[in-house]
Amino acid sequence: MNRNNQEIIQKAIVNHCVQVLLKAFQKLKKTGNFRLDWEEDDFTEKLKTVQRERFWEESLFLETQINYPKPKDSSPGYAARSPCIDIHFETHFSGKSVHCYFEAKKIKGNESSLSRLYVIEGMDRFLTKRYPPGHMVAYLVEGNLQDAVAKINRYLCRKQREDERLRSIQSEKMPDCFESNHEEYGSMLHIIMDFVN
């Protein structure tokens, strides 16, 4: 299979994974079976549960908290030094495993510290190759979506990374979705799950 075909297949798989995540989010939000004071891992675990219960037949295979690879030492804090991706889809195509990764973070429309963490502990982990190539999921738990995205973009601008700002790519199939572009990395998706509004 040539490189162009691989990229087309990878993009189709990413789009499918985004659709599964969005369906799980919409179902979870409709049931109201969540709390805004949850940690990001709580939201991720609940999304995983909804996805497995409701959308198993159309999802590929979803795991969470996948660690890559373990450090060779076992000194205190070794687990924290191991990369840990929140959401991992895997499928097999033409005899090969194809993976799709998402890092999840909580954000608020009125808090800059979470915007900074979204970049440093989310986006930058992909850009620095701490994680394999992937995309971002944001759980909006306070404020509004526009303010939250603006805070992330302001942080990027303060760090002279204006070209990496989040830009809307919303469509009927992908509401509240954004994209950022990075010189060596390419395009990164940002799926914002608005649990507030």
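Mentor: A salt bridge is a side-chain nitrogen of Lys or Arg within 4 Å of a carboxyl oxygen of Asp or Glu. Keep that cut-off in mind. The model here is predicted.

Trainee: What makes Lys105 and Glu103 a salt bridge?

Mentor: Set the value against the cut-off. The closest N and O atoms of Lys105 and Glu103 are 3.2 Å apart. The limit is 4 Å. So the pair of Lys105 and Glu103 counts as a salt bridge.

Trainee: Why is the link between the side chains of Glu103 and Lys105 also called a polar contact?

Mentor: That name has its own limit, 3.5 Å between N or O atoms. The side chains of Glu103 and Lys105 are joined at 3.2 Å. That is within the limit, so the name polar contact applies.

Trainee: Are Lys105 and Glu103 buried or exposed?

Mentor: Both are buried. Buried means under 20% relative accessible area. Glu103 has 2%. Lys105 has 7%. Each value is under the cut-off, so each residue is called buried.

Trainee: Where does Glu103 sit?

Mentor: Glu103 is in strand β3, residues 96-108. Leaving aside neighbours within four places in sequence, its contacts include Cys84, Asp86, Arg125, Tyr131 and His135.

Trainee: Which other residue meets Lys105 in a salt bridge?

Mentor: Glu40 does, at 3.4 Å from N to O. Glu40 lies in helix α2 (residues 40-54) and Lys105 in strand β3, so this pair ties together parts that are 65 residues apart in sequence. Glu40, Glu103 and Lys105 are linked in a network of salt bridges.

Trainee: How many salt bridges does the structure hold?

Mentor: The structure holds 8. Another example is Arg35 with Asp37, where the closest N and O atoms are 2.5 Å apart.

Trainee: Why is Asp37 called partly exposed?

Mentor: Its relative accessibility is 47%. Buried needs under 20%, and exposed needs over 50%. The value for Asp37 falls in between, so Asp37 counts as partly exposed.

Technical notes
Residues numbered from 1 in each chain as written. Predicted model: local features only at pLDDT ≥ 70, side-chain atom pairs only at ≥ 80, totals over all residues. Heavy atoms only, no water. Helix = DSSP H or I, 4+ residues; strand = E, 2+ residues; numbered from the N terminus. Buried < 20%, exposed > 50% of the residue type's maximum accessible area, 1.4 Å probe, protein only. Polar contact = N/O pair within 3.5 Å; in protein donor to acceptor, adjacent residues only side chain to side chain. Contact = heavy atoms within 4.5 Å.
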